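Welcome! Here is a short tour for someone meeting this structure for the first time. Take a moment to look it over, and then read on.

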Amino acid sequence: VDGRGAAVIQLVDQKLGRGLGASIAAACLGVSPWLSPIGAWLQLTGRAKSTAGQAAEWGHILEPVIRGYYAAKHAVALTVPTESEYHPHLPWLRATPDGFWPERARRVQVKNVGPRTSWHWGLDARARSVPPHYRIQDIVEAAVTGVEACDFAVLFGGNDYAEIPSVYDAELASAVLESLERFWWHVTSDRAPEVDHADEWRDYFADRLPSERSVATADPITVEPLIDQWHEAAARRKDAERAEATAKNKILAAAVEASANRLKSDHGEIVIVQPKGRAPYLRAPQSWGLE
């Protein structure tokens, strides 16, 4: 990067951590299954720490194993970066790929995927594809490193290995970088992104509420329609909950009639669980992402 870029990187390191990394980019754009835009903003502005759990920990543990298997399979000596690379024109944008082929001919992304999230990659093991949140990560890595070709080396459920090549889309990449640049403005200006449904907003607003009782009149133009929306959504939710409960009870009746505790369906397998001493309940197919 040029002198100005180096200065920006230094500012980012001092004030805002190390910039916006490829792994959090999907959350910034609202397409991550695990983190919302406000959650990403809270982390990038230093208001919150990463909440990566045991799955992420095992991902780090197994990364060298999966990468080694990939390297042996292709008979290549991969270069593993030890530091992030920064985009030449967006010096706040960084990425740390899991590996490069010799002469940076390709990148490698290593993923350890548990059984509950394997559906993100497609229900048919013979036709898997890179899910949207990882496509965003791939696009950022390609933009930062200049290496568009990438293989995802993925271990599913601890014993099912697959390789899924990414398909670079220049138009999508341009839109992603433009959107990330707008999000980064929210970080550097210390202005929260647009309010949405995420639970993290309650944490953000918690220390901004007055401690003493204070009454204000709802604005008739901006707030009153939102109160109406809340009321209508609550009524629809009650109707939906009743419809869901009725459908589940009827499915349970059908399973009992068939003397079965598992039902194969077009949506996937529905499992009927009966804890000891408690009423049975239905477990939705993993493809629904409801568990």
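Which residues have the most contacts inside the largest nonpolar core? They are Leu20, Ile24, Cys28, Leu93, Leu180 and Phe183, in a core of 31 residues. Please keep in mind that this is a predicted model, in which local features need pLDDT of at least 70 and side-chain atom pairs count only at pLDDT 80 or more, while totals for chains, interfaces and linings use all residues. Residues are numbered from 1 along each chain as its sequence is written, and side-chain values use heavy atoms, with hydrogens and water left out.

**The chain as a whole**

- The protein chain has eight helices and ten strands; helices (H or I, at least four residues) and strands (E, at least two) are DSSP runs, numbered from the N terminus.
- Its C-alpha trace spans about 65 × 60 × 35 Å along the principal axes.
- Among the 291 residues of the protein chain, 33% count as buried. Buried means under 20% relative accessible area, exposed means over 50%, and partly exposed is in between (1.4 Å probe, protein chains only).
- The accessible surface of the protein chain is about 18,700 Å², and carbon and sulfur atoms hold 53% of that surface. Such areas come from the Shrake-Rupley method with a 1.4 Å probe, and for residues only the protein chains shown count as cover.
- Of the contacts in the protein chain with a separation of 6 or more, 59% are between residues 24 or more positions apart; contact means heavy atoms within 4.5 Å.
- There are 32 positive and 38 negative side chains, and the centres of the two sets lie 6 Å apart. Lys and Arg count as positive and Asp and Glu as negative, with His and the chain ends not counted; each charge is placed at NZ of Lys, CZ of Arg, CG of Asp or CD of Glu.

**The nonpolar cores**

- A nonpolar core is a set of buried Ala, Val, Leu, Ile, Met, Phe, Trp, Tyr and Cys residues joined through side-chain atoms within 4.5 Å.
- The largest such core has 31 residues. Two or more of its residues come from each of helix H2 (22–28), helix H3 (37–44), strand E3 (93–95), helix H5 (132–145), helix H6 (170–188) and helix H7 (200–206). The most come from H6, which gives seven residues.
- Another core, of ten residues, lies apart from this one, and includes Val113, Trp121, Val130 and Ile164.
- Leucine 180 touches Leu20, Ala25, Cys28, Leu29, Trp92, Leu93 and Val140, leaving out residues up to four places away in sequence.

**Helix H3**

- Seven of the eight residues of H3 are buried, so the helix is mostly covered. They are Pro37, Ile38, Gly39, Ala40, Trp41, Leu42 and Leu44.
- The cover over these buried residues includes strand E1 (20–21), H2, H6 and H7.
- After H3 comes glycine 46, with a positive phi near 80 degrees.

**Cysteines**

- How many disulfides are there? The count comes to zero, where a disulfide is a pair of cysteine sulfur atoms within 2.5 Å.
- The sulfur of cysteine 28 has its closest cysteine sulfur in cysteine 150, 20 Å away, which is too far for a bond.
- Both sites are covered: cysteine 28 is buried at 5% relative accessibility, and cysteine 150 is buried at 0%.

**Loops worth a look**

- Proline 97 is in the loop between E3 and E4, and is buried with a relative accessible area of 2%. Setting aside residues up to four places away in sequence, proline 97 touches Pro81, Arg107, Val108, Gln109, Glu141 and Thr145.
- Alanine 105 sits in the loop between strand E4 (99–100) and strand E5 (107–113). This alanine 105 is partly exposed at 47% relative accessibility, and beyond its neighbours within four places in sequence, alanine 105 is in contact with Val147 and Ala149.
- Arginine 104 is in the loop between E4 and E5, with a phi near 55 degrees, a positive value in a residue other than glycine. At 35% relative accessibility, arginine 104 is partly exposed.
- Aspartate 190, in the loop between H6 and H7, also has a positive phi, near 60 degrees. Its relative accessible area is 42%, and aspartate 190 counts as partly exposed.
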